[in-house]
Amino acid sequence: MKDSENQCHGEVRTQLEKNLNPLEVTALALGAIIGWGCFVLPGIRFLPDAGPMGAIIAFLVGAVFQCIVALNYSVLIRPYPVAGGAFAYAYAGFGSKGAFICGWALVLSYVCVITANAMAILLLTRYLLPGVFDIGYMYTIVDWEINAGEVAFISAILILFAWMNFKGVSAASAVQVFLAIALTLGIIVLFFGTALSDSASIENLNPLFNEDRGWLASVLVILALTPWLYVGFDTIPQTAEEFTFSPSKARDLMLISILVGALLYALMTLAVAGYIPYPELLARKYAWDAGWVADQVFGRFGGIALSIPVLAAILAGMNGFFMASTRLLFSMGRSKFLPNFFSELHPCYNTPWKSILFILVFTLLVPWFGRAALLWIVDMSAIGTALTYLFTSMTAYKYLDRHPEIAKSIWSKPITVIGAMTSIICFILLIYPSSPAGISVPSWVCLFAWVILGGLFYKTKHDELETTPHSKLRYLLFGKADHPVLFDLDEDEENAKEKALLGK
């Protein structure tokens, strides 16, 4: 990072250096999209809740919808190529309050993915190294034993990723490329290995949908989660300030990452469901169904080998969202939406080390709640992501409304409307109590706790935001005091704020 040469009202704007190429950005997004869920959720969420066909239809339909949302991002990344992504877009479209709500929801989504990946490592270690880390029993939560050895192990991994991001983005992005390649090859090998095995059969995929729900509810229960499943694509606009290439290329990179992600989710689900009749597989209640299938297809060595891409997926997700979440907090701190604590740079490494520390402290709490926290985290993350996508789609609509020449030559307004409606539908499916995808009580408790924390942060900054001229906020967010926004400014009110600020 470096300091901008320009100032506004005596404020120096720090900004991120440009050092990410297209391959690194695509690897960041794909690794964030796949993560642990592709390997772990087939046995504990996709197949039990929807059946193989219900899950795959949801993956494909959700991918189409998220591609539409990505097109809305691509509209905004050109006029606003800065760190913060949807948070910056929400400010451009709706001002300070909308920006804070969107930004805080997105932080929730990103932090949840980091913690979910950390918890997935516990499943992997219990499969690979039984008895090694599950020592020092402390207590049990929802039939899951919490052991001191596992808590210490996961905490050490989280500290490692915090340290990598503390040292700088170049080291973290190089690791991300290797991890993305490893996880992709692992899924493809397992799929073809299962498909060519002697016991593989189309009949093993019956029932195609959850028999208790019916086909539509089976699809909807997974479709509601697709904002979370594909959330990684928006790490691309999050890092736009660090691109070494034109922001116009971001559209293609986002679409590629979503479509490849959908394919990998489908292949992994079919690999788990196709080896033996999947209801029989689920009834055996293995700790990790994909690992058991790999054992049968390739032998014990094959199961262990599968752990390499699984670990790559987990680590890629953790790394990608550590990078994205710290940059989001940095942007919110830099623009005065959060305490200055979040925008402070390390004097040696020029990284937002206090934002990294905040993420680390929060994620270190999760290993103390065990496997049950996985599903709570997925629910909360999906809500935060759906709300974020809604803000982005509505801002894109306002932008196209102000620039009809762009609407004619690139994307039309219906795309923004579909993106907004998709987000609203997913949001309703998650919060409506009678919905097949309705979130659990523990998820609500955790969500309210996050909202309260955000409210406390906002309260500390409310007076400052209300009295700060938008010219200063635009400078801090976009680098220019006169950068165009999409909400109406009261000129008299702005002039009064300017005079009051100069009087100080």
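**Note on aromatic pairs and helix packing**

1. Tyr-389 counts as buried, because its relative accessibility is 1%. Buried means under 20% relative accessible area, exposed over 50% and partly exposed in between, with a 1.4 Å probe and protein chains only. Tyr-73, also at 1% relative accessibility, counts as buried too.

2. The model is predicted: local features need pLDDT of at least 70, side-chain atom pairs count only at pLDDT 80 or more, and totals for chains, interfaces and linings use all residues. Residues are numbered from 1 along each chain as its sequence is written, and side-chain values use heavy atoms, with hydrogens and water left out.

3. The protein chain has 18 helices and 4 strands; these are DSSP runs numbered from the N terminus, helices being H or I of at least four residues and strands E of at least two. The chain holds 504 residues, and 60% of them count as buried. Take the contacts (heavy atoms within 4.5 Å) between residues at least 6 apart in sequence: 80% of these join residues at least 24 apart.

4. How many aromatic pairs does a search of the whole structure find? The search gives 29. In one, the rings of Tyr-73 and Tyr-389 have centres 6.1 Å apart and planes at 90°, so the pair is edge-to-face. Tyr-73 belongs to helix α2 (residues 37-77) and Tyr-389 to helix α13 (residues 372-402), so this pair ties together parts that are 316 residues apart in sequence. Rings of Phe, Tyr and Trp (its six-membered ring) pair if their centres lie within 6.5 Å; planes under 30 degrees apart count as stacked, over 60 as edge-to-face and the rest as tilted.

5. Both Tyr-73 and Tyr-389 are buried. Another aromatic pair, Tyr-80 with Phe-478, is tilted, at 5.0 Å between centres and 40° between planes. Tyr-80 is in the loop between α2 and α3 (86-128) and Phe-478 is in helix α17 (residues 470-478), so the pair ties together parts 398 residues apart in sequence. Tyr-80 and Phe-478 are both buried.

6. Two lysines sit over rings. Lys-398 lies over the face of Phe-94, 4.7 Å from the ring centre. The charged end of Lys-413 is over the ring of Tyr-397, at 5.1 Å from its centre. The test asks for NZ of Lys or CZ of Arg within 6 Å of the ring centre and within 35 degrees of the ring normal.

7. Helix α2 packs against helix α15 (residues 413-431) at about 125°, with axes 9 Å apart. That makes α2 oblique to α15, oblique being what is left after under 35 degrees (roughly parallel), over 145 (roughly antiparallel) and 65 to 115 (roughly perpendicular). On the α2 side the contact includes Phe-65, Ile-68 and Val-69, and on the α15 side Ile-415, Ile-418 and Gly-419.

8. Which residues of helix α6 (residues 215-223) are buried? They are Ala-217, Ser-218, Val-219, Val-221, Ile-222 and Leu-223. The cover over them includes α2, α7 (226-229) and α15.

9. Gly-149 is in helix α4 (residues 148-167) and is buried, with a relative accessible area of 18%. Leaving aside neighbours within four places in sequence, Gly-149 is in contact with Phe-133 and Ile-135. Gly-136 is 13 residues from Gly-149 in sequence and 6.1 Å from it in space, C-alpha to C-alpha.

Technical notes:
Axes are lines fitted to C-alpha atoms, for helices over the stretch in contact, and angles run from 0 to 180 degrees between N-to-C directions.
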